[in-house]
Amino acid sequence: MARSFAVVALIVSAFCFSSVLAARKAPTHGADLFTVVGKIYCDPCHFEFESRLSKPLDGVKVTLICRKEESDNVTYVKEATTDKNGVYKISVGGDHEEEICEVNADSNGKGECSLVMANKSDRIGLTKNMGVSSLVRFVNPLGFMTKAIDSQCEKVISELGLDKLDD
C-alpha cells in the first residue's frame with residue numbers, strides 16, 4: 001500500500017513539475033514581437049485580385065504606419081521591401097491595441113505595373129487581445145495593374161466563370 005502511494009506521489013510530482021516548465025515563457029524584454037507578412041503583385045487583367053496571370057513584384061517598398069485611434073498622431077513607422085516572390089516581412093515591437101495600423105504599398109509601382117489599385121493599403125491588428133494566439137499577422141495581398149490588359153485575360157475570365165455573370 002505504501003509503495004503504491006509512493007508511485008502515485010511520484011507521478012503527481014512529475015506532472016506538477018512538467019506543468020510549471022510548460023507555463024514558463026521566454027523573456028520578451030517587456031514587448032511582444034509581431035511579424036507582419038504580405039505580398040505585392042502585378043495584375044495584368046485589371047481584376048484587382050490575384051489570378052494565374054498575376055506576377056509577384058520584387059523591390060516594392062512597403063510601409064507600416066500605426067496611429068492613435070482618436071487622432072492622426074503617428075506612433076510607429078517601419079518599412080520593408082518585397083523579395084523576388086513579392087513577399088515582405090516587417091518585425092513590429094510592442095502591442096498596438098489602441099492604434100490603427102495600416103500597411104501601404106509605395107504608389108510608384110514597378111515598370112509596366114504602375115497603375116495603383118483601389119486596395120493599395122490594408123489594416124492589420126497588432127495586439128494579443130483579439131483572440132489570435134500567433135504573433136504572425138498576414139495582410140491581404142496588395143497590387144498594381146498594367147496599363148494595357150493582357151490578351152490572355154479573356155481566357156481567364158472564362159475559366160473563372162465570370163463571363164456567365166453577365167447573362
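1. The S-S bond of Cys42 and Cys113 has a torsion of about 100 degrees, so this disulfide is right-handed. The link ties distant parts of the chain, with Cys42 in strand β1 and Cys113 in the loop between β6 and β7 (115–116), 71 residues apart. The sulfur atoms of Cys42 and Cys113 stand 1.9 Å from each other. Both Cys42 and Cys113 are buried; the term buried means under 20% relative accessible area, exposed means over 50%, and partly exposed covers the range in between (1.4 Å probe, protein chains only).

2. On the basis of these remarks: the model is predicted, so local features need pLDDT of at least 70 and side-chain atom pairs count only at pLDDT 80 or more, whereas totals for chains, interfaces and linings use all residues. Residues are numbered from 1 along each chain as its sequence is written, and side-chain values use heavy atoms, with hydrogens and water left out. Helices (H or I, at least four residues) and strands (E, at least two) are DSSP runs, numbered from the N terminus.

3. The whole structure contains 3 disulfides, where a disulfide is a pair of cysteine sulfur atoms within 2.5 Å. With bonded cysteines counted along the chain, the pattern reads 1-5, 2-6, 3-4.

4. Cys45 is joined to Cys153 by a disulfide with the sulfur atoms 2.0 Å apart. The angle about this S-S bond is -85 degrees, and the link of Cys45 and Cys153 is left-handed. Distant parts of the chain are again connected: Cys45 belongs to the loop between β1 and β2, Cys153 to helix α2, and 108 residues separate them. Relative accessibility is 6% for Cys45, which therefore counts as buried. Cys153 is likewise buried, at 3%.

5. The disulfide between Cys66 and Cys101 has an S to S distance of 2.1 Å. Its torsion is about 110 degrees, so the link of Cys66 and Cys101 is right-handed. Because Cys66 lies in strand β3 and Cys101 in strand β6, the pair ties together parts that are 35 residues apart in sequence. Cys66 and Cys101 are both buried.

6. Salt bridges deserve a separate comment. The criterion is a side-chain nitrogen of Lys or Arg within 4 Å of a carboxyl oxygen of Asp or Glu, and the count comes to 4 salt bridges. One of them pairs Arg52 with Glu159, whose closest N and O atoms are 2.8 Å apart. Arg52 sits in the loop between β1 (33–43) and β2 (55–56) and Glu159 in helix α2 (residues 153–159), so that distant parts of the chain, 107 residues apart, are linked. Arg52 is partly exposed, because its relative accessibility is 48%; Glu159, at 47%, is also partly exposed.

7. Glu79 and Lys61 form a salt bridge with a closest N and O separation of 3.5 Å. Glu79 is part of strand β4 (residues 74–81) and Lys61 part of strand β3 (residues 61–68), 18 residues apart. Glu79 has 47% relative accessibility and counts as partly exposed, as does Lys61 with 35%.

8. A salt bridge also connects the side chains of Arg123 and Glu102, at 4.0 Å from N to O. With Arg123 in strand β8 (residues 121–124) and Glu102 in strand β6 (residues 99–105), the pair ties together parts 21 residues apart in sequence. Glu102 is partly exposed, with a relative accessible area of 22%.

9. Which residues of the largest nonpolar core touch the most other members? They are Ile40, Leu64, Tyr88, Val103 and Leu126, in a core of 23 residues. Two or more residues of this core come from each of β1, β3, β4, β5 (87–93), β6 and β10 (142–145), and β1 gives the most, with 4 residues. A nonpolar core here is a set of buried Ala, Val, Leu, Ile, Met, Phe, Trp, Tyr and Cys residues joined through side-chain atoms within 4.5 Å.

10. Leaving aside residues up to four places away in sequence, Val103 touches several residues, including Val36, Val62, Leu64, Tyr88, Ile124 and Leu142; contact means heavy atoms within 4.5 Å.

11. The structure has 1 aromatic pair. The ring centres of Phe47 and Phe49 are 5.1 Å apart and the planes meet at 15 degrees, so the pair is stacked. Rings of Phe, Tyr and Trp (its six-membered ring) pair if their centres lie within 6.5 Å; planes under 30 degrees apart count as stacked, over 60 as edge-to-face and the rest as tilted. Phe47 is buried at 16% relative accessibility, whereas Phe49 is partly exposed at 35%.
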